[in-house]
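Here is a short report for a first look. Please keep the sequence and the 3D view open while you read.

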Amino acid sequence: MKIAILSRNASLYSTRRLREAGEERGHTVQIIDYLRCYMDITSYSPQVIYQGQPLVDIDAVIPRIGATHTFYGTAVVRQFEMMDVFVGNESQAISRARDKLRCLQILSKRGIGLPVTGFAHSTKDIEGLLRIVGGAPLVIKLLEGTQGIGVVLTETDQAATSVIEAFRGLDANILVQEFIAEAKGADIRCFIIGGKVVAAMKRQGAPGEFRSNLHRGGNATKVKLTPDERSTALQAAKAMGLRVAGVDLLRSAHGPVVMEVNSSPGLEGIEKATGLDVAGKIVEFLEKNVDSTKKDRIKY
Ligand code: ADP
Ligand code: MG
């Protein structure tokens, strides 16, 4: 198979491991900086051009699209879809997952467990918004934040009101969410490939930190999921239409709640915490499905 990894940085752990896993399994792997691709959108012969040459005979694409380049990155993925190349995640699903609000709206419709969450435009409605989510303590999040940046815990309604006013004053879009205190600064990352949870880890925030992000100094260990957690994670990935996904859960007093769904989950934390060859499992999934674009059927 000829595999293209769409990634801006060949030296990132995830990109390196995917290349290694592909080559170990006898495939040709090319790492492509998607911002340097350009597209020919001619009738009947869509093409992607890279370094002056059209990319031909690619069998499968692994998109690793960064949060800052979703628009162009997903356009490149879509172009490969138009060429009937099998993609690890479809462009639509990547865009859908990128927006935290859209993601929660989709999950809520399916009845998947979520922290109680509110969203509003005007600061005139703050009081009502706080009432919906049950008052302080609350978590306030920038819609486009990642790695824990722009996630704030407010202990009182006054503090929450000030933070909401400050963010809105900057015209930032924010979510207001019930604080799941009983999670005790930990969350569970479920790594899903083709409708199966292939690995899971628990991330614990640094002492005194409610955010469990590894970038904020959290540490990760292997964890065994309950059947309820497993099925919640699978339902979330399915609802988002993601073939490869990282679903983050909090262990709340009312069962597992989904915090976010990631379409390009990192491999370093999960492989190191579990000792599993997750990159190899992604390549294996491509092997099984590479012909499905022609047959219009995905095997999980
Ligand atoms: P990011 O996309 O920046 O990672 P998240 O929504 O995942 O933002 O929040 C970052 C971290 O903050 C989570 O991993 C979790 O540990 C903590 N957190 C977020 N929302 C809540 C909440 N409602 N209750 C408790 N902890 C939360
Ligand atoms: Mg997160």
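## Ligand 1 and its surroundings

An N or O atom in the side chain of E260 sits 2.7 Å from an oxygen atom of ligand 1. This is a polar contact, a pair of N or O atoms within 3.5 Å. Two further contacts of ligand 1 are listed with it below.

| Residue | Atom of the residue | Atom of ligand 1 | Distance |
|---|---|---|---|
| E260 | N or O, side chain | oxygen | 2.7 Å |
| K141 | polar, side chain | oxygen | 2.6 Å |
| I180 | polar, backbone | nitrogen | 2.9 Å |

Ligand 1 is surrounded by 20 residues. A residue is near a molecule if one of its heavy atoms lies within 4 Å of it. The closest are K100, K141, G148, E178 and E260.

The model is predicted: local features need pLDDT of at least 70, side-chain atom pairs count only at pLDDT 80 or more, and totals for chains, interfaces and linings use all residues. Residues are numbered from 1 along each chain as its sequence is written, chains are lettered from A and ligands numbered from 1 in the order in which they are written, and side-chain values use heavy atoms, with hydrogens and water left out.

## Helix packing

Two packed helices are described by the angle between their axes and the distance between the axes. Helices here are DSSP runs (H or I, at least four residues), and strands are runs of E, at least two residues, numbered from the N terminus. Axes are lines fitted to C-alpha atoms, for helices over the stretch in contact, and angles run from 0 to 180 degrees between N-to-C directions.

Take α3 (residues 91-98) and α4 first. Their axes are 5 Å apart, at an angle of about 100°. So α3 is roughly perpendicular to α4, a term for angles of 65 to 115 degrees. S95, R96, A97 and R98 of α3 meet K100, R102, C103 and I106 of α4. Contact means heavy atoms within 4.5 Å. This contact has three nonpolar, one polar and four charged residues.

Now α4 (residues 100-109) and α7 (residues 227-240). They pack at about 115°, with axes 10 Å apart. So α4 is roughly perpendicular to α7 too. C103, I106 and L107 of α4 touch A236, A239 and M240 of α7. Which classes do these residues fall into? Six are nonpolar, with no polar and no charged residues.

## Two loops

A136 and P137 are joined by a cis peptide bond, with omega about 0°. P137 lies in the loop between α5 (126-132) and β9 (138-142). D57 is not a glycine, yet its phi is positive, about 60°. D57 is in the loop between β5 (53-54) and β6 (60-63).

Conventions. Angles under 35 degrees count as roughly parallel, over 145 as roughly antiparallel, 65 to 115 as roughly perpendicular and the rest as oblique. Ala, Val, Leu, Ile, Met, Phe, Trp, Tyr, Cys and Pro count as nonpolar, Asp, Glu, Lys and Arg as charged, and the others, Gly among them, as polar. A polar contact is a pair of N or O atoms within 3.5 Å; within protein, one must be able to donate a hydrogen and the other to accept it, and residues adjacent in sequence count only if both atoms are side-chain atoms.
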